[in-house]
Amino acid sequence: MPEDTDNPYLRGLFRPVDTEYTADTDSMTVIGEIPQDLNGMYVRNSHNQMHAPMGTYHPFDGDGMVHAIRFEDGKATYRNRVIKTVGYLAEQAMGGKSLWPGMLEPHLAEYRGWGAMGTMKDNAGVDVMAHAGKLVASMSQCGEPYHLDMDTLETKGVHDWGKLIQPFGICSHFKVDTETGEMMFFNFGETYPYMHYGVVGRDGQLAHFTPIELPGPRWPHDMGITKNYTILHDLPYHFDPELLNQGVRKLTFFKEQPSRFGIVPRYGDNSEIRWFEAKPCFILHLSNCYEQGDEVIMDGCIQRRPGKPQVGQQGEDAHDRIRKHLDKHNTGTHMYRWRFNLRTGQTIEETIDDEVSEFPVVANDIVGRPYTYSFNTLFKPGDWHMAGVKKYNLTNGDQQRYEYGENRFGSEPVIALRPGATEEDDGYLLTFLTDMNENQSECLILDAKDVAAGPIARIILPTRITNGTHATWVEADRLQGERLPA
Ligand SMILES: [Fe+2]
């Protein structure tokens, strides 16, 4: 990357890292004490553009780079590695020249690309999770599921099961049920049937892959799982289908079109899906889903006002428009609950909290089960900067918050439960933080029971790292493979 770029998404908090590091706590400064019972790995993905971009660069275009910190016996080892996708390797082979445009300029594509649009590079820079002893990295526009080595983070190509689902690929936000070891995933596309749904078994083999019919091309981002069901999204914020027929991709919020949520048995197909209607909205990320009596409960961050807000004003450039589009305050994003009654077919909706938050997370072992705590990220108004964390007690309404401070921006956190934890906040909240005052990055460790108290330990990383996308915690007993079912 040239260093003199004036693109705000390639400098400052978004400045890419150009070096791969390996460092342990013998060389990294630790402020406080790393808990002895913190055992596992925190992995966070990012868009870390490696070559000068073709056309207008969107902050979701950059090459994937994972940052990981492995904890054991009160010590920590940090690594960051570029995800060596096919597109990245081709660009390296051409001497470091971008060969694919990003998501905003599909018309510039000279080569066939990846993703639902088929024009951009598969950057694998959005999501990362552990499944069956391997890391899985993907991009949200549906690409190939990249396999990263759990110990070294080196790219090992595409998962074997991923080779069986091409050309449809996988969206970000696959979900692992740690009780059974199964991983559920979906994709979306611009041609009929517009979606697929699948399950990878705890052995890492494709166990289920089935087409899901939608009324047209859609642009979903997340899905939910419960003990018995998967919840798929058909939301009224997507490319205008008439313009799409003319080759023009214009994201539009169809305010009169209901949201639809398809509840399908874990190994069900299109004939078994039950669609529930709800108010028009868009959703990026769910907190958690579970079954309760006749109901399936789905919690997540709703966007009241999806779409491009107030664009095209005098003096605005493409970066101003991107910033407004990503600003969670413009989209009015907040915690919300949908209740789908499997007996009556009715949907009940309710706001949980009006405060703007996103990136809601729970501990891995809580996914798909009744739960109490959601840990959400707070955003600095006016930009895509993660300013703090808010903990919701969804049972009694209590709230806690911790803000990182002026010019200090965090990442999607993870909850690392203590071994043998019997409460879902009995453990630690981890996040990577970039401090623009000190020009450094750190890993923060907070007590998940008392996030308001601030960090119990801070580990200063060997480099300042770029703003991140999604993250995961890999428990020590899941590093080699999924647990045996009880
Ligand atoms: Fe996401």
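Cys-142 sits in the loop between β7 and β8 (146-148), where helices (H or I, at least four residues) and strands (E, at least two) are DSSP runs numbered from the N terminus. Its phi is near 75°, a positive value in a residue other than glycine. Cys-142 counts as buried because it has 25 C-beta neighbours inside 10 Å; the cut-off for buried is 20 or more other C-beta atoms within 10 Å of a residue's own, against 12 or fewer for exposed and anything in between for partly exposed, with C-beta atoms placed from the backbone. The model is a predicted one, so to speak of local features takes a pLDDT of at least 70 and side-chain atom pairs count only at pLDDT 80 or more, while totals for chains, interfaces and linings use all residues. Residues are numbered from 1 along each chain as its sequence is written.

Phe-359 is found in strand β24 (residues 358-361), and it counts as buried with 25 C-beta neighbours inside 10 Å.

Between β6 and β7 (residues 134-138), the antiparallel pairing runs over five bridges. Here Met-129 stands opposite Val-136 in β7.

Then there are the cis peptide bonds. One joins Gln-166 and Pro-167, with omega at about 10°, and Pro-167 lies in the loop between α2 (160-163) and β10 (175-177). Another runs from Tyr-192 to Pro-193, with omega near 10°. Pro-193 has its place in the loop between β11 (182-188) and β12 (194-200).

Strand β12 also holds Tyr-197, which counts as buried with 24 C-beta neighbours inside 10 Å. Twelve residues separate Tyr-197 from Phe-185 in sequence, and the C-alpha to C-alpha distance between them is 5.9 Å. Leaving aside neighbours within four places in sequence, the contacts of Tyr-197 are Phe-186, Thr-210, Ile-212, Thr-230, Leu-232 and Val-264; a contact here calls for C-beta atoms, placed from the backbone, within 7 Å of each other.

As for the chain as a whole, its secondary structure comes to four helices and 33 strands. The radius of gyration is 21 Å, close to the 23 Å that the globule rule gives for 486 residues, so the chain is as compact as a globular protein of that length; the radius is taken over C-alpha atoms, and the rule is 2.2 Å times the number of residues to the power 0.38. Taken along the principal axes, the C-alpha atoms fill a box of roughly 55 × 55 × 45 Å. Buried residues make up 49% of the 486 residues. Among contacts between residues at least 6 apart in sequence, 57% join residues at least 24 apart.

Definitions and conventions:
Pairing = 2+ DSSP bridges. Contact = placed C-beta atoms within 7 Å.
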